[in-house]
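Welcome! Here is a short tour of some helix packing and a few aromatic rings. Have the structure open as you read.

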Amino acid sequence: MTTSAPPRIAVTSTATGLFLMSFFTLLWASNTFTGWPAAIAGTIMTLAVAAVGCFIFQGVRLLRARKQFRAELSADDAKIRSRSGQAFGIIFGAEGLAIWLVVLILNATNNSDYVVPAIALIVGLHFYPMARVFRRTIDLYLATWTCLVAVAGIVAIALGASANGTASAVGLGAATATTAYGIYMFRGATDLLNRVGRQ
C-alpha cells in the first residue's frame, strides 16, 4: 500500500457505484424492447451488456485490491462520510417512495402510459441533491439530461405519441445517462487502481 492511497471506503463506494450503474443500465435498456423492433432493441441491449461487463469487471478488480488501501479515516473524513451516507440513504429512500406513489396514482387514474417517463423524471430529479451531497458536477449534467428526456416523453405522450415507442425512447435516454455515469466511475476506479500500482 502506498502512502498516497485513498481510504478503503472510496474503493467500496466506487465499486458499489459501478454495480448500481450496471443494474440500472440493463434495466433502462430493456425498455427498448417495449416499442421498438427486436433487431434495434437487441443491438442496444448488446451494447449495454458490453458496457456493463466492463463496469462489473472493473468493480471486481477494485474489490480485490481493497486491502491495498488504508482502512482508517481522519476524524473530518469520517464525519463527512457519515453525513453523506445518511443523506444518500434519505434521498434514495425518498426516490423509491416517490416512484411507488406516482406509479400507484398513474395506474389508479388510468394514466399508466406515463409511468416510464414519470419514473425517469423522478430519477433525474434525484441526481440534483446527489450532486451537492457528493460534490460531483457530473450529477448535474446527468440530472438535466434525464429530466429533459423524461419531460420530452411526457409531452410526446400528451400529444398522442405511442406510449410503447415513447417508453423505448425514454429507456434509451436514461440508459445513456447511467452508462455515462458508469464510464465516469470506471475512470475513477482506474485512477484508484493506478495509485496503488494495480494497472
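## Buried residues and a tilted pair

A residue is called buried when its relative accessible area is under 20%. In this predicted model, Y181 has a relative accessibility of 2%, so Y181 counts as buried. F127 is buried too, with a relative accessible area of 6%.

These two residues also meet each other. Their ring centres are 5.6 Å apart and their planes stand at 55°, so the pair is tilted.

## Rings along helix α4

The whole structure holds 5 aromatic pairs. One of them is F88 with F92, a stacked pair at 5.5 Å centre to centre and 20° between the planes. Both belong to helix α4 (residues 75–108), 4 residues apart, or about one turn of the helix.

F88 is partly exposed at 30% relative accessible area, and F92 is partly exposed at 37%. Together with F134, F88 and F92 make up one aromatic cluster.

## How α1 meets α3

Now for the helix packing. Helix α1 (residues 8–29) packs with helix α3 (residues 38–64) at about 165°, and their axes are 9 Å apart. The two are therefore roughly antiparallel, and α1 passes α3 in a left-handed crossing.

Among the residues in contact are V11, L18 and F19 of α1, and M45, F55 and Q58 of α3. By type, the residues of this contact divide into 15 nonpolar, 5 polar and no charged.

Beyond its neighbours within four places in sequence, Q58 is in contact with L18, F186, A189, T190 and L193.

Key
Residues are numbered from 1 along each chain as its sequence is written. This is a predicted model: local features need pLDDT of at least 70, side-chain atom pairs count only at pLDDT 80 or more; totals for chains, interfaces and linings use all residues. Side-chain values use heavy atoms; hydrogens and water are left out. Axes are lines fitted to C-alpha atoms, for helices over the stretch in contact, and angles run from 0 to 180 degrees between N-to-C directions. Angles under 35 degrees count as roughly parallel, over 145 as roughly antiparallel, 65 to 115 as roughly perpendicular and the rest as oblique. A crossing is left-handed if the near helix is turned anticlockwise from the far one by less than a right angle, and right-handed if clockwise. Contact means heavy atoms within 4.5 Å. Ala, Val, Leu, Ile, Met, Phe, Trp, Tyr, Cys and Pro count as nonpolar, Asp, Glu, Lys and Arg as charged, and the others, Gly among them, as polar. Rings of Phe, Tyr and Trp (its six-membered ring) pair if their centres lie within 6.5 Å; planes under 30 degrees apart count as stacked, over 60 as edge-to-face and the rest as tilted. Buried means under 20% relative accessible area, exposed over 50%, partly exposed in between (1.4 Å probe, protein chains only).
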